[in-house]
Amino acid sequence: MVGNFSDFHLPFSNLQSLTSNFQPPFSNILNMNTMKKYTAIITIVFLCLATTGSGQNRWRVNNNIGVNADFSDLQAAIDSASAGDIIYIENSGIPYSGNTQVDKQLTILGPGYFLAANDSTQANKAPASVNYLYFQPGSDGSVLMGVRMLQGLYVNASNLIIARNYIQQMIIAYSYDCGNIIIQQNYVAGSVTDGNNYYTAIFRNNILNSNVSMSQYGSIQFHNNSIMTSTSNYLVVLENSSIKNNVVFNTYGSYQRCIDTDPAHNNTIVYNVTNQEADPGFPDNIWAAVPENVIEYTGGPETKFYLT
């Protein structure tokens, strides 16, 4: 049975727009240029929340020499912050902290990613980079937006919003059970896996350059994502989940493994476009599609997913 996602508890009621109805087919072909231009708007929203929230503080983190910020070290800012605070990580050519641990409810905002590839974003084109970031128990209800994870993102908390980040790789429910995790509009360069603990998540409108392989302990709404890479493995392996409205292309020779359609995995698989050989057990998909006839196929990490 597909997991029940009807009881989400949002950290801020103002963020309802981030969790509204799913988009129609092909809305996952994101114009990330436009998406990152909205980063400033989202930051203003959080600024308004900060000025009206009771006891809510805002902290600047900047490790550039000569910059007068509240903190130069991200972990020090997290340790000093109170639950509900907002931390702004500013552009830098030097990564922040080695293994960043979040153990309280925080909103962590960076400037975005692919800034140099897009006009009219920021004067400083450097991202705010973190090597490893862990959401530990106690960080339930946190928000992460606009940060570049150079090594990995590890999720051990519930009711998180992870949006508009660059993520090298991600492990959900790494050490603990967790649920109600919203992962959307990110660029994921590496794999997405889990730690064999129970969890529920919405994973939508992301661009992925690798595979998503989860155990039977998770239940995911995997909707409106775009994946293209070359591997002998399946690109989407889920159980007890909904796989809908995705574009999934595996360019590994003539042997395309895109979506694992094993009936024993108890998935709903509809309205996807893939170059995988047709599976008669799941007729409501477009199988054996030619990638070049659907998307640009070549170009930058985001432009190659534009519809033709």
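**Ring pairs and a parallel sheet**

Modeller: Ring pairs tie Tyr113, Phe114, Tyr166 and Tyr187 into a cluster. Rings of Phe, Tyr and Trp (its six-membered ring) pair if their centres lie within 6.5 Å; planes under 30 degrees apart count as stacked, over 60 as edge-to-face and the rest as tilted.

Biologist: What kind of model is this?

Modeller: This is a predicted model, where local features need pLDDT of at least 70, side-chain atom pairs count only at pLDDT 80 or more, and totals for chains, interfaces and linings use all residues. Residues are numbered from 1 along each chain as its sequence is written, and side-chain values use heavy atoms, with hydrogens and water left out.

Biologist: How many aromatic pairs in the whole structure?

Modeller: The search finds twelve. In one of them, the ring centres of Tyr132 and Tyr154 are 6.2 Å apart with planes at 35°, so that pair is tilted.

Biologist: Tyr154, buried or exposed?

Modeller: Buried, at 8% relative accessibility. Tyr132 is partly exposed at 26%. Buried means under 20% relative accessible area, exposed over 50%, partly exposed in between (1.4 Å probe, protein chains only).

Biologist: And what about Phe203 and Phe222?

Modeller: They're stacked, 5.4 Å centre to centre with 20° between the planes. Phe203 is buried at 1%, and Phe222 is buried at 0%.

Biologist: Switching topic: what order do the strands of the open sheet have?

Modeller: The ten strands run 1-2-4-6-8-11-14-17-20-22, with parallel pairing. Strands are DSSP runs (E, at least two residues), numbered from the N terminus, and two of them pair if DSSP finds at least two bridges between them.

Biologist: What stands opposite Phe222?

Modeller: Ile243, in strand 20.

How values were computed. Helices (H or I, at least four residues) and strands (E, at least two) are DSSP runs, numbered from the N terminus.
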